[in-house]
Amino acid sequence: MARSRTDGLSAPKVISHLTVMLLVAAVLGVVVSGLAIPFAGVLGFAARNVSESIDELPQELETELLPQRTEILDRNGDQIATIYDQNRVIVPLRQISRIMVKAIVSIEDYRFYQHGALDVKGTLRALFTNQAADGVVQGGSSITQQLVKLTLLNQADTKEEREAATDDTYARKLRELRYAIALEKKYSKDWILERYLNTAYFGDGAYGIQAAAQHYFNVNASDLDLRQAAMLAGIVQSPGAFDPTENPDRARERRNVVLDRMAELSVVSERAANKARDKDLGLDVQKKERGCVNSTAQFFCEYVIAWLKQDPNLGDNPRERWRLIENGGLTITTSIDMRMQNAAQQSVSSHVYPQEGVIGALALVEPGTGEVKALAQSRDLGKGPGQTFLNYTVPKEYGKANGFQPGSTFKTFVLAAAIEQGIPLNKTYRVPAQAFIPENEFETCDGPYQSSNVWEPSNFDFAPHTVNLYTGTQGSVNTFFAELETETGLCEPYRLARRLGIRLTSPRTEMVPAFTLGIPDTSPLELAEAYATFAARGKHCDALPVTKIEDNQGNLLKQYESKCTQELPGPVADAVNDVLEGVLQPGGFGQYLYPGQQSAGKTGTSSSNKSVWFAGYTPNLAGAAVVAGINEVGDPDSLDGKTIGGVTYYSTSGSATAGPVWGDAFKAIAPFLDDETFVEPSGEDIKGVLVAVPPVSGYSVEDATEMLEDAGFVVANGGTVDSAVGRGLVAYSYPGGGSEAGSGDTVTIYVSDGTPPPPPKKNDDRNGGRGGNNGNNGNGGRGNNGGRGNR
């Protein structure tokens, strides 16, 4: 407890006090008279250099913008992260309660509105009081002087500048006085007090009165009452000593000193002061955790910051942009949908555990806008066990991870190129178990691939069979896509993948025959962005994590619009969707992943079995999931023998290992997605589109012909046949109604003569497979061909 002012002082101490007072009076006198005089004779030290340095000081203090915290919000305006160097929210004086203003003025500088930059009377009084109490009871610096010191400290960029702002010398005090006089000349008292209340440190990480009010009491500065205001006003003298979260007793004692002072000055009544003294501190501490490590979407937060640091509109270089983000008091609204984020994170976490030697990741993108809706990873952000600072969900320039080989998910780019080149979807290929193709048969953008080697891709099932673009894709048949790539060439699939968002940077090593098997490293976000293009009918949109930035007053600083271009004709994308739908339908590898909405997708497994993938989409959401083996430093490693989700695996696949990560997330998300459907591909635009043959039995020849032509088929008349159907009406067609055939294929109709066919004789099978209207042996059906390729 501070010593009473009435304690007796010894004669030597009195003499000491008087001497100090005289010296201070002398210094104050020369300061007030101009600040630029030699006073070595006053204090007996070499002050000429100090005087000359005072003359050289600028005539005013540059008051830069105060550091403020930045809030990162989800698409609905809810906070997902807070970024700051100093936890501060600037508020105008009118938004600070009057009792708070009175409390800080009472205890720090009660004559603030009466004196100039220097309060001579107050300084001498504080000196005498503190000397008598043998400790600091009252402050001697004016609020303006304190603001100067805080400003110089806040704006110090180097260690030397910080030391100069805090060193305990007369030179520093004189410099501060010079600046204080400049501030008083330039600004009003209200401006100085507002700036001071927004600058001051209130302990426990709270800078400025608004952050302090929110932190300690969960109220705004405008709502502070007497008890709360007195506590906060008392803290600024020594934020560490009077921090109420660490030293509640000292904080309460100091608060009561403030209340006594306010009563002494008649700012409040004795009754009000005593009533407040009897209460406890009334804390309701609200922690404002900073940084992405405390975010509800850690790796999305990291991606947002990395993405903004590449925006030249926010500064000349990444360091300047980071300073703006960290200290600019921005409100950053992002594209993340926390319902999707939570579903994605729950799915990833349930299938891959953090301390296993694998990483699981999932990225979700909205087709048609490119908005990134979720980024989930199996390891938390950090450096402890089961944590990482590598963001595997995004491209290397944003997450520092190299990515993983995407396997057969790249076959879709070859498929799309083939469709765009006019290769019929129902064109059949007799593919071997293993192919032997000279590499110089593949065309690059610069001519034949320069190699004398023979590429020898093979299928997992090692069974030769006949496929078309539907069944070859559904079965992910390696030798089929090798053959198809000889037709499409390497250039168009490569360029298409790059236009759709895949970071391809080295054609010499990437534009190779094995491109279709997915050898370039990529990230889930890149693949989700590319597959979203198919869902958006060929419109590609760059991944977009941020929609707008506002200042702390709500003024719009930057609006981010979707950047989209039509990279594929709509009918081509429609055909890709039609083919990839088969992967999630009965017979496809992803049939058990079907989320309850129309969807399409593709599996992938890298040749070295270091990663397995599933990329899939509905008409309004695209996602890519990966499960990959990593070693101790986070580089790719084989999945063989790895424990995944608590189970040790010696065989993994895109459908069985990565697919459930995608499937469980999409099943959880589907209920709040709009029910949309893909556009059916047109046989007039795309050759060989498989479409259902309409049943025409019982219709007139004219009506049946019109129905079949409207469906995209060429109609032939096969003549009359015995049938119980009415004479002159269509008896049946071949292929039969309900089967699938390629658009542009010929459907033959057979006309009834009105005479039922005679009953078949024993062992008579003349009608073979053509009888009736159920001819399901049409060309190019989607049945499972058994060729699994890279699953």
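**Ground rules.** I number residues from 1 along each chain as its sequence is written, and I work with heavy atoms for side-chain values, leaving out hydrogens and water. As the model is predicted, I take local features only at pLDDT of at least 70 and side-chain atom pairs only at pLDDT 80 or more, while totals for chains, interfaces and linings use all residues.

**Entry 1: α16 against α25.** I take helices (H or I, at least four residues) and strands (E, at least two) as DSSP runs, numbered from the N terminus. I looked up helix α16 (residues 338–351) and helix α25 (residues 654–669). They pack at an angle of about 145°, and their axes are 8 Å apart. Axes here are lines fitted to C-alpha atoms, for helices over the stretch in contact, and angles run from 0 to 180 degrees between N-to-C directions. The crossing of α16 past α25 is right-handed. I call a crossing right-handed if the near helix is turned clockwise from the far one by less than a right angle, and left-handed if anticlockwise. From α16, the contact uses Met340, Ala343, Ala344, Ser347, Val348 and His351. From α25, it uses Pro660, Val661, Asp664, Ala665, Ala668 and Ile669. Contact means heavy atoms within 4.5 Å. By class I find nine nonpolar, two polar and one charged residues in this contact. The classes are: Ala, Val, Leu, Ile, Met, Phe, Trp, Tyr, Cys and Pro nonpolar; Asp, Glu, Lys and Arg charged; the others, Gly among them, polar.

**Entry 2: α4 against α11.** Next I took helix α4 (residues 98–108) and helix α11 (residues 226–235). Their axes come within 9 Å and cross at roughly 40°. This crossing is right-handed. On the α4 side I list Ile99, Met100, Ala103, Ile104, Ile107 and Glu108. They meet Leu226, Ala229, Ala230, Leu232 and Ala233 of α11. The contact divides into 10 nonpolar, no polar and one charged.

**Entry 3: a five-strand sheet.** I traced an open sheet with the order β2-β1-β3-β15-β16 and mixed pairing. Two strands pair if DSSP finds at least two bridges between them. β2 (79–83) and β16 (556–559) each have a single partner strand, so one side of each lacks a neighbour in the sheet. Direction ignored, neighbouring strands are turned by 15° against each other on average.

I then looked at the β15 and β16 end. Strand β15 (residues 546–550) pairs with β16 in the antiparallel sense over three bridges. Among them, Glu550 is bridged to Leu556, and Lys548 to Gln559.

**Entry 4: rings.** I count rings of Phe, Tyr and Trp (its six-membered ring) as a pair if their centres lie within 6.5 Å; planes under 30 degrees apart are stacked, over 60 edge-to-face, the rest tilted. The count comes to 19 aromatic pairs. I opened Phe442 and Trp455: their ring centres are 5.8 Å apart and their planes stand at 65°, so this pair is edge-to-face. Phe442 sits in the loop between β9 (437–438) and β10 (443–444), and Trp455 in strand β12 (residues 454–455), 13 residues apart. Both are buried. Buried means under 20% relative accessible area, exposed over 50%, partly exposed in between (1.4 Å probe, protein chains only). Elsewhere, ring pairs link Phe410, Phe413, Tyr494 and Phe515 into a cluster.

Entry 5: Helix α20 (residues 478–488) is mostly covered, with eight of its 11 residues buried. Phe480, Phe481 and Leu484 are among them. Ser476 lies in the loop between α19 (469–474) and α20. Its phi is positive, near 50°, and Ser476 is not a glycine. At 0% relative accessibility, Ser476 counts as buried. Just after α20, Gly489 has a positive phi of about 80°.

Entry 6: I find Asn609 in the loop between β18 (600–605) and β19 (611–618). Asn609 counts as buried at 12% relative accessibility. The peptide bond from Tyr734 to Pro735 is cis, with omega near -5°. Last, I checked Asn327 in helix α15 (residues 318–327). Leaving aside neighbours within four places in sequence, Asn327 contacts Leu66, Pro67, Gln68 and Asp85.
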